[in-house]
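Subject: Handover of the two-chain model

Hello,

Please find the structure below, for your files. My notes on it come after.

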Amino acid sequence: MFNLIIKNFSLYYYNFCALKNINLKIKEKNITAMIGPSGCGKSTLLRSINRINDTIKGVFTKGNINVLGKNIYNTKIDVEALRRNVGMVFQRPNPFPLSIYENISFGLNINNKNSINIKMAVKESLKDVLLWDDVKNKLNRNALNLTLEQQQRLCIARAIIMKPNIILFDEPCSSLDPIATQRIEELILTLKKEYTVIIVTHNMQQAARISCDTAFMLQGKLIEFNKTEKIFTNPMEKETENYITGRFG
Amino acid sequence: MKLNPKLTQKISYFILFLVTVFAIIPVIIIISVIVKNGLPAITLEFLTSFPKNGIRGGGIFPAIIGTFAIIICSIVIICPIGILAAIYLNEYAGNNLLTKIIKLAIINLANIPSVVYGLFGFSIFVVFLRLGVSIISGALTLSIMELPVIITTTQNALNSVPSSFREASLSLGVSHWQTIRYVVLPSAVPGILTGTILSIARISGETAPILFTAAVFYVPHLPHSIFDQVMILPYHLYITSTNVPYMPQKLVFGIALVLLIMVLTISSISIIIRIYFRKHKKW
């Protein structure tokens, strides 16, 4: 039922406490949105789930994050295996300066343990993100020639080819125009069938449109976590209400 | 009293322009003097034959070959060490005391006068390790001198690879080393290449480090191995312009011109590579 459980999780950046004792249970095959003003820690929390924060100097953590029953902050955990299980799509589309095909097959090419047919897998994941018809004749072209929306689809395809359980989206539409945003949102909605999706967004309407559950964060604390409908119509906390009604943030 | 802003604008523009002209005038004079006096000496014979008449005539072929031998030998030593050290410092080294000391050492090494490297190379490679005055001693000395520069330029090239590439790769479950190998290094190659080639240009013009370690006044044959002593252009220029009485000035300028062309050619290669990659770079 829950494939991601965050327990008493705190994160420090040198002396600064960026996340304060977060507790959260995230349902599988569901879209969970994290909202809150800039600097509230929502991206930091997201980036803790695949331990990509490890690359930042001065970060240390307390507490647990359990992915599929395993504490990923256990020292014995295989971080690479974790990241294959928890994919990530970033704020700005970040394809490698390689061809479309090389971009999608990158992760599999380097760690092809089950000798998957890579060509088939590339085709499948491009179909999943509705990019196949646009690019099937130019798989060898540089991915950076694509439009921003296509690049972001490519990055999603690059993540799902690894067959993760969870996909983290870090403000995936913030560099896209409204029409592209709508189409990426539609794509994210279809991903719900197979993946657990967690999306960080500064766009409250986006959270309201696509998510089932919403977490509201403020100054490193989780203020409220509930059904999206509830958060936006009848929040329990005063701070949530102030934020969603636009009194600050 | 307040000056008219349009007037001050003109004055400051003029001063800046004047200073810039002063800065490039010496370069123009040096190049034109060398070209004017050296060009008559450049003949096929000058470039392809051995010196004659106690060095006062003939060509500079062995010095050209010697210079190339030293350059190639230095590249072989310096590239792997410099680039790998830069990768370690940039990608792996923690922010601890040891790293700080290493970084401080690199900065200081870059500021040591080249003649000190020459004496160091002489006492370590020539005398202590008994490599003698040879290509290998000279190349090792030049490598030690140029290592800090290579490390710094390589680090800059690695740093200029967008962190979003690293994050994308890591987020796919690709290990740190694989990320360096398949994402960071390929993107950093142009920067590493241009930095390295510029270093080579610098090495090829250096005199002091090879003065006591590799160069000799005259060798009647080309080097047979890296343990041979050689004639080298910068040293040849130094010796002919200071220590050989009745040396024809034309030949001295000829040597200078060949050296100048060599260094400028190597630098231009690096500039061409940089322009090429900049044009083809999409990020």
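Predicted model: local features only at pLDDT ≥ 70, side-chain atom pairs only at ≥ 80, totals over all residues.

Residues are numbered from 1 along each chain as its sequence is written, chains are lettered from A and ligands numbered from 1 in the order in which they are written, and side-chain values use heavy atoms, with hydrogens and water left out.

Contact between the chains

Chain A gives 25 residues to the contact and chain B gives 18 residues, where contact means heavy atoms within 4.5 Å. The two chains bury about 1800 Å² between them, 66% of it on carbon and sulfur atoms; buried area is the accessible area (1.4 Å probe) that two parts lose on being put together, summed over both. One salt bridge is counted between chain A and chain B, a salt bridge being a side-chain nitrogen of Lys or Arg within 4 Å of a carboxyl oxygen of Asp or Glu. Glu167(B) and Arg47(A) meet through their side chains in a salt bridge, at 2.7 Å from N to O.

Salt bridges

Side chains of opposite charge can pair when their charged atoms come close. Over all chains the structure holds eleven salt bridges. One of them joins Asp213(A) and Lys27(A) at 3.8 Å, N to O. This pair links distant parts of the chain, since Asp213(A) is in strand β9 (residues 213-218) of chain A and Lys27(A) is in strand β2 of chain A, 186 residues apart. Helices (H or I, at least four residues) and strands (E, at least two) are DSSP runs, numbered from the N terminus.

Asp213(A) also forms a salt bridge with Lys227(A), with the closest N and O atoms 3.5 Å apart. Lys227(A) lies in strand β10 (residues 221-227) of chain A and Asp213(A) in strand β9, so this pair ties together parts that are 14 residues apart in sequence. Asp213(A) is buried, at a relative accessible area of 5%, whereas Lys27(A) at 21% and Lys227(A) at 43% count as partly exposed. Buried means under 20% relative accessible area, exposed over 50%, and partly exposed in between (1.4 Å probe, protein chains only).

In chain B, Lys52(B) and Glu45(B) form a salt bridge with the closest N and O atoms 3.0 Å apart. Lys52(B) is partly exposed at 43%, and Glu45(B) is partly exposed at 41%.

A sheet in chain A

Four strands make an open sheet in the order β2-β1-β4-β5 (chain A), with antiparallel pairing; two strands pair if DSSP finds at least two bridges between them. Its edge strands, β2 (16-27) and β5 (70-71) of chain A, each pair on one side only. Strand β1 (residues 2-13) is joined to strand β4 (residues 59-67) of chain A by eight bridges. Lys7(A) has Asn64(A) in β4(A) as its bridge partner.

Two helices

Twelve of the 13 residues of α6(A) are buried, so this helix is largely enclosed by the rest of the structure. In chain B, Thr141(B) sits in helix α6 (residues 135-159) and is buried, with a relative accessible area of 1%. Leaving out residues up to four places away in sequence, Thr141(B) touches Tyr117(B), Gly118(B), Gly121(B), Phe125(B), Pro209(B) and Thr213(B).

Regards
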